[in-house]
Amino acid sequence: MEKKGKSDDAVFLPTLVPGMDKMITNGGIRRGDVVVIRGESGSGKSIFCFQSLYNAALGGENVVYICFGESSKKVKENMKSNFGLDIEKLEGDGKFKLIDLNPSQFASEVEEALAKNKAGMEQDAVLKLPSKVDRVVLDSLSAVSDSFTHRIYYREYLDLIFSRIEAKNAIGFAIVERGGCGDVSEGPENYMADGVFVLYNLKKEKDRVRALEVTKLRCSNHLKNTVPFKITDRGIEVYPKESVF
Ligand SMILES: Nc1ncnc2c1ncn2[C@@H]1O[C@H](COP(=O)(O)OP(=O)(O)O)[C@@H](O)[C@H]1O
Ligand SMILES: [Mg+2]
């Protein structure tokens with residue numbers, strides 16, 4: 001499933017969301033990189049990430065989906081009943097780990113540890129991950145961010161979490177529950193991440209059209225236009241050759 005990059009020894013993992021990898025010249029995301037998945041609520045962020053992890057685990061990868069604030073039970077049920085993404089067997093085989101973390105409790109523990117000693121913070125306290133992991137989803141980083149009392153500690157924490165994913169040589173999807181490019185509430189996630197995918201649910205006359213844009217990707221060239229996607233009972237499908245405007 002892995003692909004070698006052109007220039008160096010970088011290894012790219014395809015997102016495995018149908019159509020999406022055709023938007024990226026290198027065909028995926030470089031191992032060690034974290035991509036922010038950004039959009040309003042209901043724009044399809046959780047589906048996008050879950051689908052990527054599901055397909056990757058089917059292909060033999062080890063994946064971790066961390067629910068901060070979202071109920072993992074509900075996410076699991078919805079993905080199965082809406083899109084047939086049934087992780088029961090993958091969980092049993094240890095390929096797919098679905099974890100619940102209480103964001104406010106988690107944030108206060110991290111803040112306390114950071115206040116004491118950033119450098120000495122236990123790796124598992126930054127983010128508990130299995131020894132071998134290929135993909136990680138944080139759903140959502142906004143829930144963690146909103147629970148931090150001090151902005152400076154949130155920035156430091158982001159730095160640690162991104163480094164941890166890099167050290168694992170995994171790819172990370174960090175979900176941000178905010179609007180698109182130029183949103184005044186744009187936080188540090190965007191400039192700290194290696195990539196940003198924005199999901200839109202645009203009003204077009206009387207209807208709404210779903211669209212996706214890669215606004216940043218350090219590891220590869222990519223399509224710059226905003227392309228449509230659909231959510232059907234098979235999940236997300238991106239149409240890189242079509243245009244929304
Ligand atoms: N079976 C389905 N067919 C088409 N669209 C669906 C289906 N199930 C859910 N959706 C759409 O998916 C949206 C939820 O996507 P989700 O990834 O949970 O959003 P986000 O994580 O960005 O808040 C719902 O608001 C709904 O519009
Ligand atoms: Mg969600």
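An open sheet of three strands runs in the order β1-β2-β3, with antiparallel pairing. β1 (3-4) and β3 (29-30) stand at the edges with a single partner strand each, so one side of each is left without a neighbour in the sheet. Strands pair here if DSSP finds at least two bridges between them. Helices (H or I, at least four residues) and strands (E, at least two) are DSSP runs, numbered from the N terminus.

This is a predicted model: local features need pLDDT of at least 70, side-chain atom pairs count only at pLDDT 80 or more, and totals for chains, interfaces and linings use all residues. Residues are numbered from 1 along each chain as its sequence is written, while chains are lettered from A and ligands numbered from 1 in the order in which they are written.

**Overall form.** The protein chain has eight helices and twelve strands. Its C-alpha atoms fill a box of roughly 50 × 40 × 40 Å along the principal axes. With 245 residues, a compact globule would have a radius of gyration near 18 Å; the protein chain has 17 Å, which agrees. That radius is taken over C-alpha atoms, and the globule rule is 2.2 Å times the number of residues to the power 0.38. Of the 245 residues, 46% count as buried. Buried means that 20 or more other C-beta atoms lie within 10 Å of a residue's own; exposed means 12 or fewer, and partly exposed lies in between, with C-beta atoms placed from the backbone.

| Strands | Sense | Bridges | Facing residues |
|---|---|---|---|
| β2 (residues 11-13) and β3 | antiparallel | two | Leu 13 and Ile 29 |
| β4 and β8 (residues 171-176) | parallel | five | Val 36 and Ala 174 |
| β4 and β9 (residues 195-204) | parallel | five | Gly 39 and Leu 199 |

Strand β4 (residues 34-39) is mostly covered, with six of its six residues buried. Both faces are covered: Val 34, Val 36 and Arg 38 lie on one side, and Val 35, Ile 37 and Gly 39 on the other.

**Around ligand 1.** Gly 39 also belongs to the shell around ligand 1. α1 gives the most, with three residues.

**Helix α7.** The 17 residues of α7 (residues 151-167) should span 24 Å at 1.5 Å a residue; the end C-alpha atoms are 24 Å apart, which agrees. The expected span is 1.5 Å times one less than the number of residues. Buried in α7 are Tyr 154, Tyr 157, Leu 158, Ile 161, Phe 162 and Ile 165. They cover an arc of only 130 degrees around the axis, which puts them on the same side of α7. The arc is that of the directions from the helix axis to the C-beta atoms. An α-helix has 3.6 residues a turn, so residues three or four places apart point the same way. On the other side of α7, Ile 152 and Ala 167 are exposed. Just after α7, Asn 169 takes a positive phi of about 60 degrees.

**Glu 213.** Glu 213 sits in strand β10 (residues 207-217). It counts as buried, with 22 C-beta neighbours inside 10 Å. The C-alpha atoms of Glu 213 and Thr 226 are separated by 4.7 Å, although the two residues are 13 residues apart along the chain.

Key: Near = placed C-beta within 6 Å.
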